[in-house]
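Please find below a colleague's note on the two-chain model, written as numbered points. Each point takes up one part of the fold and gives the cut-offs on which its terms rest.

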Amino acid sequence: MKYIDEYRDERIVRSLAARIARLATRSWNLMEICGGQTHTIMRYGLHELLPPAINLVHGPGCPVCVTPLEVVDKAIEIASRSDVTFMSYGDMLRVPGSSRDLFRVKAAGGDVRIVYSPMEAVKLARAMPQRQVVFFSIGFETTAPPNAMAVWEARRTGLDNFSMLVSHVLVPPALRLLLTSPGNQVQGLIAPGHVCSVMGYWEYEEICREFHIPIVVGGFEPADLMEAVSMLVAKLESGRAEVENQYVRSVCREGNLPAQRLMREVFRVCGRKWRGIGLIPESGLCLRDEFAAYDAEKIFEVSGVTADEPSECISALVLQGRKRPTDCPAFGVRCRPETPMGAPMVSAEGACAAYYRYRRGRAPEATA
Amino acid sequence: MNSFVCPAPIGLNDTVLLGHGSGGKLSADLTRDVFLAAFQNPILARMDDQAIVSINGMRLAFTTDTFVVKPLFFPGGDIGSLAVHGTVNDLAMGGAQPLFLSAAFIIEEGLPMETLRAVVTSLQRAAAAAGVQVVTGDTKVVEKGSGDGLFINTSGIGVVPEGIQLSASQARPGDRVLLSGAIGEHGIAILAKREGLEFESELASDSAALHTLVAEMLGASHDIRCLRDPTRGGVSSTLNEIAAQSRVGVEIDERAIPLREEVKGACEMLGLDPLYVANEGKLIAIVAPDAADPVLDAMRRHPLGGQAQIIGSVTAAHPGMVTMRTLVGPSRIVDMLAGDQLPRIC
């Protein structure tokens, strides 16, 4: 398949690994930001192909994982109502809230459905005027435009039984927090290619200047990631803090301008709690006041629902790349995909789930 | 450890979830903890797709399966033909010649009579094509809302020829793992027709009766240790079951697994792993090393095994675990699915 096979070609991947080994004269800590990239690294075992000097650290870019406990609780409260049809991307259903998850709401008779596109929720709302259709609008800048489009379309067509529970997050503020934290050891960043295909990468140029850290916009296939690592190592070895785009087949500097316009029209930037990390100022998106009629938090009056994250949970450190999943005493013992304790074990893109699924007891880190 | 205060895991034992029916880890736990615990006996304990019972010296294979597929009609088949193929295949995986089926219908009030007739006609055609007869049956009608249109249960009986002894507990280190063709077609064909998922696909289910393929394979060699059809839970669940029951490891090679471009594309788009997607017309054979080539040749001569491949081997290393050499070289674990495969968000 075009755009897939050549990026999973063993010869290309191995020659990139050899180039990295030639370039690296000392050890470097590199962070891949996006959970999709972590997934590829673990699934294909790319870390095994890298020289030991290159240490890949997994970033906070799993939208399911960083959705805070209280938002999951809000979702559960709304989804439990008999007049509501609650629609969500699949991986949110298994994320544990304070006492249960959305799958259990469904098992108890709640109308909870998995969708691939928010427009499906709009369509369903139109087809079922007697039901309140609520879409769980989560994710990074990647899912924000289609979700914005759903609200925009609902307003355009005068739908009055559609709303969204919004918990969008933005990558750059989280990166700034990470890079300013005292324990930070990350020396180079692989920026999330899908986020950048929407937002472009000019925001990352600012981060690069601010923190003197090289950043490569990376794709999601094995060859993409190996090439991104080789670009980063080349920059680090020659002391060049600059931004480069590896994922040129999808990303341009300005990004997708109509998508950004739509996002701005529907959402405004707001403070947002991140699961395991806490409140990060200006790190989220909320519905603008003009779209308040579509805000499920207001309609169903769940704004007051709060839940405190357990302060000692290691998922905070995992999401910041400061601990590996295998450093957690519960990993693979009490915390497994079928009984997830923290969100990184739930989503396929969560670092804990990726380790458990593909590398349990096999990764060099796991035995270290 | 005591200071570790992650949110407590939500117990799995309080409610039945959809994931308990996915054919993955939750299904295995449910079967072991509820059903095996209650019905414990040596025949059931074999945990094969069929029970093999001896009656007056004759070895009979006996199996049952219930079909709840939605939509009732899909490219490549319908719930009627599937109800025949599924049960015939469970018998065939024991090496049996399938003979008789039962068919029980649970019908939701309001189902158009025309739909029921179409399904029954299809079921009859599939049975005739497979050379089996439906010799007993049952009908129940439930209130609107208590079912989902139509559920069908079929049970089947077949005769196991002399000298054939197949079981998932017989895999030995050195054995080869054979796969009869491209994977994931049934699951993706069904998914493409589900409401809420809009993608066009020419893909048809691979639903087919495999007993004639099995007969060809057994004709080529009796050194076949185990046959399994990787239905719910896909190839990964089947291989994990074999690894667990035989207390061996299984190593497969991603490059050797046949996959149609349409399935690959759909899986890429939907974020699914084809190793976990259901098949209804494929089988996995664990074969003694010397028998691998003759069995493979026999499979490839049969219309349902034209794309058969040796995809891996059985090892004494890592008992109970399945690993796969990935396309780019390193190996990874192929785990049993925890619940349903969840669509990825981005």
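1. What share of the contacts in chain B with a separation of 6 or more is accounted for by residues 24 or more positions apart? The share is 83%, where two residues are in contact if their C-beta atoms, placed from the backbone, lie within 7 Å. For chain A, among contacts between residues at least 6 apart in sequence, 78% join residues at least 24 apart.

2. On provenance and numbering: this is a predicted model, in which local features need pLDDT of at least 70 and side-chain atom pairs count only at pLDDT 80 or more, while totals for chains, interfaces and linings use all residues. Residues are numbered from 1 along each chain as its sequence is written, and chains are lettered from A and ligands numbered from 1 in the order in which they are written.

3. Chain A holds 17 helices and 11 strands, helices (H or I, at least four residues) and strands (E, at least two) being DSSP runs numbered from the N terminus. Its C-alpha trace spans about 65 × 45 × 45 Å along the principal axes. A compact globule of 368 residues would have a radius of gyration near 21 Å, and the 21 Å of chain A agrees with this; the radius is taken over C-alpha atoms, and the globule rule is 2.2 Å times the number of residues to the power 0.38. Buried residues make up 58% of chain A, a residue being buried if 20 or more other C-beta atoms lie within 10 Å of its own, exposed if 12 or fewer, and partly exposed in between, with C-beta atoms placed from the backbone.

4. Chain B, by its own count, has 9 helices and 14 strands. Its radius of gyration is 20 Å, close to the 20 Å that the globule rule gives for 346 residues, so chain B is as compact as a globular protein of that length. The C-alpha atoms of chain B fill a box of roughly 60 × 55 × 45 Å along the principal axes, and 49% of its residues count as buried.

5. In chain A, 5 strands form an open sheet with parallel pairing, in the order β2-β1-β7-β8-β9, where two strands pair if DSSP finds at least two bridges between them. The edge strands, each pairing on one side only, are β2 (54–61) and β9 (243–245) of chain A. Neighbouring strands of this sheet are turned by 25 degrees against each other on average, direction ignored. Strand β1 (28–34) of chain A pairs with β2(A) in the parallel sense over 6 bridges, and A:Trp28 stands opposite A:Ile54 in β2(A).

6. Helix α12 (222–237) of chain A lies across β1, β2, β7, β8 and β9 of chain A and runs at about 170 degrees to β8(A); axes are lines fitted to C-alpha atoms, for helices over the stretch in contact, and angles run from 0 to 180 degrees between N-to-C directions.

7. Strand β8 (176–179) of chain B runs antiparallel to β11(B), joined to β11(B) by 4 bridges, with B:Arg176 opposite B:Val287. Strand β9 (224–228) of chain B also pairs with β11(B) in the antiparallel sense over 4 bridges, and here B:Leu227 stands opposite B:Ala285. Leaving out residues up to four places away in sequence, B:Ala285 touches B:Leu178, B:Met217, B:Ile224, B:Leu227 and B:Val295.

8. Which residues of helix α8 (261–270) of chain B are buried? They are B:Val263, B:Ala266 and B:Cys267. These residues cover an arc of only 100 degrees around the axis, which puts them on the same side of α8(B); the arc is that of the directions from the helix axis to the C-beta atoms. B:Glu261 and B:Met269 are exposed on the other side of α8(B). What covers the buried residues includes α5 (185–193) of chain B, and just after α8(B), B:Gly271 takes a positive phi of about 70 degrees.

9. B:His318 sits in the loop between β12 (309–315) and β13 (322–325) of chain B. It counts as partly exposed because it has 16 C-beta neighbours inside 10 Å. Neighbours within four places in sequence aside, B:His318 is in contact with B:Gly249 and B:Thr323.
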